[in-house]
Amino acid sequence: MRNLLALLSGSLFGIGLLISGMTDTTKVQGWLDIFGAWDPTLAFVMGGAILPMTLAWWLTKRIRPLVGGSFPPATLPEIDRRLVIGSVLFGAGWGLAGLCPGPSVASLSYGGTGGMIFLAAMLAGMMIAPPLKARLDSPVPAA
Amino acid sequence: MNPDWIMGLSGGLLIGIAGAVFLLGNGRIMGASGIIGGLVDGSGRSNAMERIMFVAGLFLAPLAVTLFTGAPETHVTSNVWVIVAAGLLVGVGTRIANGCTSGHGVCGISRFSFRGIIATVFYILAGGLSVVLFRHVLGVI
């Protein structure tokens with residue numbers, strides 16, 4: 001059951017990314033490019049995705065997960081170096097290529113060699129991240 | 001309304017339903033970088049099968065649809081160095097920040113998560129600066 005639901009969720013996510021145009025890097029970069037011909041599509045995608053998810057989060061207060069267990073606990077409203085530095089690095093790469101993790105897998109079958117190289121580099125980045133993450137977790141040395 | 005916006009909204013709704021299935025079904029947050037990253041660095045070994053099935057759907061469903069509809073153009077840059085640098089940044093950054101556009105963006109904002117909103121603000125600002133710098137200043141993309 002758990003695996004079937006994961007397959008269903010991944011499939012819907014992939015088709016959603018495909019039809020929304022989010023596997024087209026020019027649409028992503030067009031949204032980020034406020035000094036160019038600005039393309040608002042990404043805002044519609046985000047808005048569309050947030051609607052069902054808001055309802056889903058509301059339901060988590062009333063029901064249990066279908067497969068049992070509990071829902072992920074809310075995170076504390078704390079900002080740390082990891083969150084900020086990681087997001088800045090991610091954003092820089094996202095703007096550079098117009099791809100993020102979901103669309104890079106969704107477009108793998110039709111994104112050509114460039115898409116494959118991006119995915120390989122992204123997986124390599126994910127592999128080298130844990131030690132960097134640990135270093136950012138250590139306390140800041142006194143200046 | 002612009003047809004691209006309608007497609008964006010429709011696709012967005014499907015993405016949100018996908019996240020709702022993963023949350024209400026499996027009790028998990030649908031974050032692409034976390035699901036993939038857990039397989040790559042071994043941290044997700046305890047529920048590897050669920051991750052593999054999600055990634056399989058994410059890859060196979062668009063493949064199946066595009067067999068009938070034809071595949072859209074992705075317009076990925078032909079500059080290999082740009083692609084490699086971008087991929088590394090996305091891989092490292094999303095794992096350090098514990099999330100990307102789906103986890104922090106879609107799932108975080110809809111939960112009114114402070115960390116999700118802050119992450120989204122920073123990656124959008126950095127993404128905007130990146131496009132301005134590399135497109136308009138340096139002219140490499």
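This is a predicted model: local features need pLDDT of at least 70, side-chain atom pairs count only at pLDDT 80 or more; totals for chains, interfaces and linings use all residues.
Figure 1. With a relative accessibility of 7%, Gln29(A) counts as buried. Leaving aside residues up to four places away in sequence, Gln29(A) touches Gly95(A), Leu96(A), Ala97(A) and Gly98(A), together with Val131(B), Arg135(B) and Ile141(B).

**Figure 2. Cysteines of chain B.** The structure holds 0 disulfides over all chains. The cysteine sulfur closest to that of Cys100(B) is in Cys100(A), at 6.1 Å, which is too far for a bond. For Cys107(B), the closest cysteine sulfur is that of Cys100(B), and the distance of 9.2 Å is again too far for a bond. Cys100(B) is buried, at 1% relative accessibility, and Cys107(B) is buried as well, with a relative accessible area of 2%.

**Figure 3. Met30(B) and its contacts.** Met30(B) is found in the loop of chain B between helix 1 (3–26) and helix 2 (32–40). Its relative accessible area is 0%, so Met30(B) is classed as buried. Beyond residues up to four places away in sequence, Met30(B) touches residues of chain A, namely Ser9(A) and Phe13(A), and residues of chain B, including Phe22(B), Phe54(B) and Cys107(B). Met30(B) and Gly99(B) are 69 residues apart in sequence, while their C-alpha atoms are 9.8 Å apart in space.

**Figure 4. The largest nonpolar core.** This core has 54 residues, of which Phe13(A), Met53(A), Trp94(A), Phe118(A), Met30(B) and Phe54(B) touch the most other members. Helix 3 of chain A (residues 41–59) supplies the largest share of the core, 8 residues. Met53(A) has contacts in chain B, among them Leu23(B), Val106(B) and Cys107(B).

Figure 5. A search of the whole structure finds 6 aromatic pairs over all chains. In one of them, the rings of Phe13(A) and Phe54(B) have centres 5.9 Å apart and planes at 35°, so the pair is tilted. Phe13(A) lies in helix 1 of chain A (residues 2–20) and Phe54(B) in helix 3 of chain B (residues 48–69), so this pair joins two chains. Phe22(B) and Phe54(B) form another tilted pair, with 5.3 Å from centre to centre and 45° between the planes. That pair links distant parts of the chain, since Phe22(B) is in helix 1 of chain B and Phe54(B) in helix 3 of chain B, 32 residues apart. Phe22(B) is buried, with a relative accessible area of 1%, and Phe54(B) is buried at 1% relative accessibility.

Terms used: Residues are numbered from 1 along each chain as its sequence is written. Chains are lettered from A and ligands numbered from 1 in the order in which they are written. Side-chain values use heavy atoms; hydrogens and water are left out. Buried means under 20% relative accessible area, exposed over 50%, partly exposed in between (1.4 Å probe, protein chains only). Contact means heavy atoms within 4.5 Å. A disulfide is a pair of cysteine sulfur atoms within 2.5 Å. Helices (H or I, at least four residues) and strands (E, at least two) are DSSP runs, numbered from the N terminus. A nonpolar core is a set of buried Ala, Val, Leu, Ile, Met, Phe, Trp, Tyr and Cys residues joined through side-chain atoms within 4.5 Å. Rings of Phe, Tyr and Trp (its six-membered ring) pair if their centres lie within 6.5 Å; planes under 30 degrees apart count as stacked, over 60 as edge-to-face and the rest as tilted.
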